Amino acid sequence: MLLAAEPDDAHEEGENQQLLITTKGGPGLEGLVVGSYCHDVLIRGGRVVGETLGGAAAFVSNVLDAASPQDAALNGTAPFVVVAKVGHDFVYASAPAPARHPPLLCASPTTSFHAQFSETAASAHAPDRELRRVRACDPIYPADLPDRRFAYGLAVGVAGEVLPETLERMIRLCRAVLVDAQALIRAFDGDGAVGHVALDDTPYARLLPRVAFVKASSEEAPYVGVETTRQRCCVIVTEGRDGCRLYWDGGEARVAPFPAVQVDPTGAGDSFLAGFATGLLWGLSATDAALLGNFFGAAAVSQVGVPTFHPKMLQLKKYLKRRQQNDIVRV
Ligand SMILES: Nc1ncnc2c1ncn2[C@@H]1O[C@H](COP(=O)(O)OP(=O)(O)O)[C@@H](O)[C@H]1O
Ligand SMILES: O=P([O-])([O-])O[C@@H]1[C@@H](O)[C@H](O)[C@@H](O)[C@H](O)[C@@H]1O
């Protein structure tokens, strides 16, 4: 699979879009992150063991900020925009991610999840938590997105807030869009318990040929339908402590994990996706970008809530960049 190094502005309906993130610096690298911040309540053995900032947008912007501090300092601005919504009850406005990337305020309450953790997950691929959405903020509408072009977009909803028309607008605005499957296939029962629907049965399915990557956890992968979806875009399945696999039309690759002592699995998938996008921005091959994704996923599970990164951790960039052969990236 060839991943073009330079952008291509043509985004026709049905076009089989390839990854179009340029490896060269400059304002053309601005990203668009769409998905709301939320309140997470962590419950173990019936007891609340933590209350933290959540929402994929929080974990994603945390990684993107950590991975591009020099760019941000040079421009005086972060090289990406976050479109997130919260209510007036939002308690993490001064936390680093929302403070740097303020959300839109709504009359509805902040999205809130209760995460019930099992004491032991049977395998790396077994679900280790049951999620319940107890409050939902407003959806993010196409009109909420800035009206300008971006190098890349990350659709990272957690509670159904990225509407099909919003994803379509992202595709029009961004040269390449990476999607977290959880933004597309979550369904909520009367109690808010999170379930899944088949991606093919959703209005998002027709947009897949115009998406560059879809990332799914092992639990979500059967609903994404890897065999069908890989014919439309590249699919990445994360496998917890086993790392991840990439599937494209005609091939696949396994990417090894980093060791970690897991204290809180929340945000691993989000941090993975942001690390993966960062790797592509650095000009890495998709498999090396996935290695960077594994690195940030492992870092996320090692800390409770939105993790902090020691600058030394980012020395991985030097190592991975040394492996980079040239600007045209092949898998
Ligand atoms: N226990 C772990 N040890 C090392 N890396 C992990 C661990 N759990 C998750 N990761 C990393 O985070 C990524 C996403 O985790 P996963 O559990 O598959 O996703 P999700 O959080 O969406 O359920 C994995 O692909 C892996 O890179
Ligand atoms: O753990 P993960 O799958 O990467 O992502 C999580 C979401 O699934 C969850 O709904 C949200 O409340 C967490 O804050 C986090 O964003």
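Trainee: Why is L284 called buried?

Mentor: Its relative accessibility is 1%. Buried means under 20% relative accessible area, exposed over 50% and partly exposed in between, with a 1.4 Å probe and protein chains only. L284 has 1%, so it counts as buried. L284 sits in the loop between α8 and α9, and its C-alpha atom is 9.8 Å from that of K317, 33 residues apart along the chain.

Trainee: What should I know about the model and its numbering?

Mentor: This is a predicted model, in which local features need pLDDT of at least 70 and side-chain atom pairs count only at pLDDT 80 or more, while totals for chains, interfaces and linings use all residues. Residues are numbered from 1 along each chain as its sequence is written, chains are lettered from A and ligands numbered from 1 in the order in which they are written, and side-chain values use heavy atoms, with hydrogens and water left out.

Trainee: What makes A107 exposed?

Mentor: A107 has a relative accessible area of 81%, and that value is over the exposed limit, hence the label. A107 is in the loop between β7 (104-106) and β8 (111-117).

Trainee: Is L281 buried or exposed?

Mentor: L281 counts as buried, because its relative accessibility is 15%. L281 lies in helix α8; helices (H or I, at least four residues) and strands (E, at least two) are DSSP runs, numbered from the N terminus. The C-alpha atoms of L281 and L29 are separated by 7.9 Å, although the residues are 252 apart along the chain.

Trainee: How many aromatic pairs does the structure hold?

Mentor: It holds 7. One of them joins F213 and F276: the centres are 4.8 Å apart, the planes are at 80° and the pair is edge-to-face. The partners come from distant parts of the chain, 63 residues apart, with F213 in strand β14 (residues 213-217) and F276 in helix α8 (residues 268-281). Both F213 and F276 are buried.

Trainee: Why is the pair of F295 and F296 called edge-to-face?

Mentor: The ring centres are 5.2 Å apart and the planes stand at 80°. Rings of Phe, Tyr and Trp (its six-membered ring) pair if their centres lie within 6.5 Å; planes under 30 degrees apart count as stacked, over 60 as edge-to-face and the rest as tilted. The distance of 5.2 Å therefore makes F295 and F296 a pair, and 80° makes it edge-to-face. F295 is buried at 13% relative accessible area, and F296 is buried at 0%. Ring pairs also link F295 and F296 with F258 and F309 into a cluster.

Trainee: How do you know that R133 lies over the face of F188?

Mentor: R133 is 3.8 Å from the ring centre. A charge sits over a ring if NZ of Lys or CZ of Arg is within 6 Å of the ring centre and within 35 degrees of the ring normal.

Trainee: Which residues are closest to ligand 1?

Mentor: They are T238, G240, G243, G269 and N294, out of 17 residues around ligand 1; a residue is near a molecule or strand if one of its heavy atoms lies within 4 Å of it. A polar side-chain atom of T238 is 2.8 Å from an oxygen atom of ligand 1. A polar backbone atom of G269 is 3.0 Å from a ligand 1 oxygen.

Trainee: What about ligand 2: which residues come nearest?

Mentor: D40, G55, R186, G267 and D270 come nearest, of 18 around ligand 2. A backbone N or O atom of G267 is 2.6 Å from an oxygen atom of ligand 2, and a polar side-chain atom of D270 is also 2.6 Å from a ligand 2 oxygen. Ligand 2 alone exposes 370 Å², of which the protein buries 96%. The largest share of the ligand 2 shell, 3 residues, comes from α8.

Methods
A polar contact is a pair of N or O atoms within 3.5 Å; within protein, one must be able to donate a hydrogen and the other to accept it, and residues adjacent in sequence count only if both atoms are side-chain atoms. Accessible areas come from the Shrake-Rupley method with a 1.4 Å probe; for residues, only the protein chains shown count as cover.
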